[in-house]
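Got the model open and wondering where all the labels come from? Let's go through them one by one.

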Amino acid sequence: MADAQCAFQITPGEWCQLRTGAATAVVLALLFLISACALRPPVDTRTMGAPDSARKVLIATEQTPYKQAVVDRVLAHLQDPSIYTRIVDVTDLPHEDAQRYSAVVVLNSCFAWHLRPTVAHFLEQTDHKEHVIMLVTAANPNWQSGVNGVDAMTSASQLITAEAVARRINAAIDRRLERD
């Protein structure tokens, strides 16, 4: 049986160019994905309830349909005018003080298996992690944030789960409001 000959041959220089071109395409695709996430419009800061209330809840979130669905359900639960609620974009979290709130709810996306840097910084700086309730959306709902001292949960961004996730967050908020 005769040896098969390949009619298509690549020189070492051409192979190097192909590899470089493929690597460039992958880098550009990743940059596109990162910029698409970074270009989300920020969440408008808004409040409800009495600012001088002893019971205060901070919600720091991102502008996604899933997180909005969860936040809407949490806000419906917090309709009591004696509870002050402040909603901010998650990028504004470093400007907040967890000590001022009975509960701090953080809704954050996992990217490349890490928390958003502003969230990680906030958690590193606060001495009141017991106030924090954190939802991290990730492709793997079993992913763990590795942050100790906070009430953390992970979920995929599937609208069908928004109600159940909001119930868990609401129960955690209620436990913290009962302490105050």
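Q: This is a predicted model. What makes strand S3 count as largely enclosed?
A: Buried means under 20% relative accessible area. Six of the seven residues of S3 (residues 83–89) are buried, so the strand is largely enclosed by the rest of the structure.

Q: Which way does S3 run against strand S1, and how do you know that they pair?
A: Two strands pair if there are at least two bridges between them. S1 (residues 46–48) and S3 are joined by three bridges, and they run antiparallel. Met-48 has Thr-85 of S3 as its bridge partner.

Q: What about S3 and strand S2, how many bridges are there?
A: Seven bridges pair S2 (residues 55–61) with S3, here in the parallel sense. Opposite Ala-60 you'll find Val-88 in S3. To get from S2 to S3 the chain passes through helix H2 (residues 65–77), and this β-α-β crossover is right-handed.

Q: Why is Thr-61 called buried?
A: The cut-off for buried is under 20% relative accessible area. Thr-61 comes in at 2%, so it counts as buried. This residue belongs to S2. Neighbours within four places in sequence aside, its contacts include Lys-67, Val-71, Ile-87 and Leu-107.

Q: Why do the buried residues of helix H3 line one face?
A: Val-119, Phe-122 and Leu-123 are the buried residues of H3 (residues 117–125). Looking down the axis of H3, these buried residues fall within an arc of 95°, so they line one face of the helix. Those residues pack against S4 (103–109) and S5 (132–137). On the face turned away from the buried side sit the exposed residues Pro-117, Glu-124 and Gln-125.

Q: Which residues touch the most other members of the largest nonpolar core?
A: Val-57, Ile-59, Val-70, Ile-169 and Ile-173 do, out of 25 residues in that core. The elements giving two or more residues are S2, H2, S3, S4, S5 and helix H4 (162–179). H4 provides the largest share, seven residues. Take Ile-173: leaving aside neighbours within four places in sequence, its contacts include Val-57, Val-74, Val-105 and Ile-133. There is also a second, separate core of 19 residues, with Ala-60, Cys-110, Val-132 and Val-136 among them. In soluble globular proteins, nonpolar side chains tend to be buried together.

Q: And the whole chain, what does its secondary structure come to?
A: Four helices and six strands, running α-β-β-α-β-β-α-β-β-α from the N terminus on. Of the 180 residues, 37% count as buried.

Note on methods
Residues are numbered from 1 along each chain as its sequence is written. This is a predicted model: local features need pLDDT of at least 70, side-chain atom pairs count only at pLDDT 80 or more; totals for chains, interfaces and linings use all residues. Side-chain values use heavy atoms; hydrogens and water are left out. Buried means under 20% relative accessible area, exposed over 50%, partly exposed in between (1.4 Å probe, protein chains only). The arc is that of the directions from the helix axis to the C-beta atoms. Contact means heavy atoms within 4.5 Å. A crossover is right-handed if, with the strands pointing away from the viewer, the path from the first strand over the helix to the second runs clockwise. A nonpolar core is a set of buried Ala, Val, Leu, Ile, Met, Phe, Trp, Tyr and Cys residues joined through side-chain atoms within 4.5 Å.
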